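Q: I am new to this model. Please take a close look at one part of it and walk me through what is there.

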Amino acid sequence: MRIVDIREVTLPISSPIRNAYIDFSKMTLSLVAIVSDVIRDGKPVVGYGFNSNGRYGQGSLMRERFIPRLLEASPESLQDSTGNNLCPHKCWATMFSNEKPGGHGERSVAIGTLDMAIWDLVAKIEGVPLFQLLADRYGNGKPDPKIFVYAAGGYYYPGQNHNQLKDEMRSYIDRGYTVVKKKIGGASLDEDLRRIDSILSVLQDGQKLAVDANGRFDLDTAIQYAKALSQYDLFWFEEPGDPLDFELQATLRGYYSKPMATGEDLFSMQDARNLIRYGGLRPDRDWLQFDCALSYGLVEYLRTLDMLKEHGWSAKRCIPHGGHQMSLNIAAGLELGGNESYPDLFQPFGGFPDGVKVDNGFITLPELPGIGFEGKSDLFAQMQKLAG
Ligand SMILES: O=C([O-])CC(=O)C(=O)O
Ligand SMILES: [Mg+2]
């Protein structure tokens with residue numbers, strides 16, 4: 001089999017929200033379609049991929065380097081041993097040829113986007129859900145399609161008052177979520193604490209709040225927040241300082257004994273390994289948020305999972321950033337701890353196949369071939385527009 005065509009387009013996922021670091025008024029992403037020469041029901045099998053929020057579309061890198069490398073490679077050099085399907089690892093090596101090590105970012109998003117489409121295509125050609133293929137090839141053969149998800153929101157909206165913030169959080173709880181997330185670090189510490197108190201006033205027993213500083217704080221501010229947040233029983237305190245400041249992260253464990261989370265802005269196994277080596281994180285309580293759609297895809301994420309195992313970390317401590325179905329498949333196939341979800345943001349790319357409801361903090365993935373995008377009609381409509 002061979003790749004016949006690769007198409008890409010940049011699409012808006014903008015909204016009038018901000019976190020402590022950026023606003024999303026001009027946010028975009030890349031959507032790609034990889035068309036194969038395998039015909040099913042009279043139509044070519046197509047794999048789709050896109051990148052997560054936060055890093056913009058990556059069309060120029062894909063057009064200049066990664067798409068030509070895939071299209072110029074001999075079909076045999078990208079195939080698995082049967083010759084009837086692609087080998088994602090060989091495709092990855094082809095995309096990464098003539099790339100120097102280090103400096104991960106942007107190209108890791110471009111490759112991650114194409115890698116998602118390759119896995120979707122491979123699982124569709126095999127005729128199985130990606131989570132089943134992953135469990136068979138890399139896991140225990142028995143996927144668990146029931147996955148913990150939490151509701152990420154609580155952004156700073158222009159003019160949003162505390163009652164509206166409470167309504168927002170209540171709406172997530174009403175939709176079945178048990179953990180909600182809000183942003184911090186985009187207001188004063190006092191105002192952030194008042195916002196936290198407002199949200200906690202609408203949560204019941206068994207429901208929890210996570211907070212996310214998006215890497216905004218210097219060490220002194222991070223310590224101030226860590227001390228103030230210690231009074232609460234938060235689900236986690238996320239990304240307090242710069243993602244590459246492992247010493248800041250390690251210092252904070254002396255000030256915050258409760259769960260912390262980070263990793264969404266580390267884009268390679270090597271960066272993730274530095275976090276594990278030097279970040280002082282605790283495998284019994286902290287959470288890792290590496291997002292394959294920003295960090296060279298699932299081929300690289302498999303390396304990260306191997307690295308974690310070598311360092312005594314369970315895959316259960318991983319709850320990826322990004323809210324996409326790719327990470328839901330990885331969670332179901334390879335026993336991650338769950339996945340992020342943005343109930344009202346970044347649509348139609350985030351979320352679940354149509355009809356999937358959150359029940360007491362968990363969803364159950366249906367058995368759809370590939371990643372399952374065909375089961376989400378608003379998303380699939382965009383994909384079909386691209387594939388023609
Ligand atoms: O606001 C963002 O950039 C997204 C984010 O950090 C998250 O989902 O944890
Ligand atoms: Mg975050």
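A: A residue counts as near a molecule or strand if its C-beta atom, placed from the backbone, lies within 6 Å of it. By that rule, Asn19, Gly54, Ala152, Asp212, Asn214, Glu264, His321 and Glu340 surround ligand 1. This is a predicted model, where local features need pLDDT of at least 70, side-chain atom pairs count only at pLDDT 80 or more, and totals for chains, interfaces and linings use all residues. Residues are numbered from 1 along each chain as written, while chains are lettered from A and ligands numbered from 1 in written order. The chain averages a pLDDT (confidence in each residue, from 0 to 100) of 98, and 100% of the residues score at least 70.

Now the sheet. This open sheet has 3 strands in the order S1-S2-S3, paired antiparallel. Strands are DSSP runs of E, at least two residues, and helices are runs of H or I, at least four, numbered from the N terminus. Two strands pair if DSSP finds at least two bridges between them. S1 (3-12) and S3 (43-50) are the edge strands, each pairing on one side only. Neighbouring strands are turned by 25° on average, direction ignored. S1 is joined to S2 (residues 28-40) by 9 bridges. Along them, glutamate 8 stands opposite valine 32 in S2.

Helix H4 (residues 107-126) touches S2 and S3, and its direction makes about 145° with that of S3. Helix H13 (residues 377-387) touches S1, S2 and S3, at about 65° to the direction of S2. Axes are lines fitted to C-alpha atoms, for helices over the stretch in contact, and angles run from 0 to 180 degrees between N-to-C directions.

Definitions and conventions
Contact = placed C-beta atoms within 7 Å. pLDDT = per-residue confidence, 0-100.
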